[in-house]
Amino acid sequence: MKKEEVNFMIEEISKELILLLVDERHLEMRKALDTLYNSDTYARLSNTKNGLYTQSTAYIYECLERELLTGKMM
């Protein structure tokens, strides 16, 4: 897969995760952005070597929720 395609996938998943944070956790947009982009989940999503970007948004959101509740991604 081309780098541009991978980056597009990561951006789309990020957008969906932010919208979920707004809808599910009732965060304001800025807080949702900060929450995602400062998370270990996002760091792992952005690391293309581990392939997290190939998982479903729902799975990645579960990872993010777990991280927010426990302080650890997994």
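Tutor: A residue is called buried when its relative accessible area is under 20%, exposed when it is over 50%, and partly exposed in between. Please keep in mind that this is a predicted model. Glutamate 12, at 27% relative accessibility, therefore counts as partly exposed.

Student: With which residue does glutamate 12 form a salt bridge?

Tutor: The general idea is that a side-chain nitrogen of Lys or Arg must lie within 4 Å of a carboxyl oxygen of Asp or Glu. Here the partner of glutamate 12 is lysine 15, and their closest N and O atoms are 3.2 Å apart. Both residues belong to helix H1 and are 3 residues apart, which is about one turn of the helix. Lysine 15 is also partly exposed, with a relative accessible area of 42%.

Student: How many salt bridges does a search of the whole structure find?

Tutor: The search finds 3 salt bridges. One of them joins arginine 44 to aspartate 40, with a distance of 3.0 Å from N to O. These two residues are 4 residues apart in helix H3 (residues 40–46), so about one helical turn separates them. Arginine 44 is partly exposed, with a relative accessible area of 35%, and aspartate 40 is partly exposed at 31% relative accessibility.

Student: Which residue forms a salt bridge with glutamate 65?

Tutor: Glutamate 65 pairs with arginine 25, the closest N and O atoms being 2.8 Å apart. This pair links distant parts of the chain, since glutamate 65 lies in helix H4 and arginine 25 in helix H1, 40 residues apart. Arginine 25 is partly exposed, at 32% relative accessibility.

Student: How does one describe two packed helices?

Tutor: One gives the angle between their axes and the distance between the axes. In this model, the axes of helix H1 (residues 3–25) and helix H4 (residues 57–70) come within 10 Å and cross at roughly 55°. That angle makes H1 oblique to H4. The crossing of H1 past H4 is right-handed.

Student: Which residues make the contact?

Tutor: On the side of H1, the contact is made by Ile13, Glu16, Leu17, Leu20, Leu21, Glu24 and Arg25. H4 contributes Thr57, Ile60, Tyr61, Leu64, Glu65, Leu68 and Leu69.

Student: Is threonine 35 buried or exposed?

Tutor: Threonine 35 is buried, as its relative accessible area is 14%. This residue is found in helix H2 (residues 29–37). Leaving aside neighbours within four places in sequence, threonine 35 is in contact with Leu21, Leu27 and Leu68.

Student: Where is serine 39 found?

Tutor: Serine 39 is found in the loop between H2 and H3. At 5% relative accessibility, serine 39 counts as buried. Not counting residues up to four places away in sequence, serine 39 touches Leu64 and Glu67.

Student: What is glutamine 55 in contact with, leaving aside its neighbours within four places in sequence?

Tutor: Glutamine 55 is in contact with Ile13 and Ile60. Glutamine 55 and isoleucine 13 are 42 residues apart along the chain, and their C-alpha atoms are separated by 9.4 Å. Glutamine 55 is found in the loop between H3 and H4 and counts as partly exposed, at 38% relative accessibility.

Key: Residues are numbered from 1 along each chain as its sequence is written. This is a predicted model: local features need pLDDT of at least 70, side-chain atom pairs count only at pLDDT 80 or more; totals for chains, interfaces and linings use all residues. Side-chain values use heavy atoms; hydrogens and water are left out. Axes are lines fitted to C-alpha atoms, for helices over the stretch in contact, and angles run from 0 to 180 degrees between N-to-C directions. Angles under 35 degrees count as roughly parallel, over 145 as roughly antiparallel, 65 to 115 as roughly perpendicular and the rest as oblique. A crossing is left-handed if the near helix is turned anticlockwise from the far one by less than a right angle, and right-handed if clockwise. Contact means heavy atoms within 4.5 Å. Buried means under 20% relative accessible area, exposed over 50%, partly exposed in between (1.4 Å probe, protein chains only).
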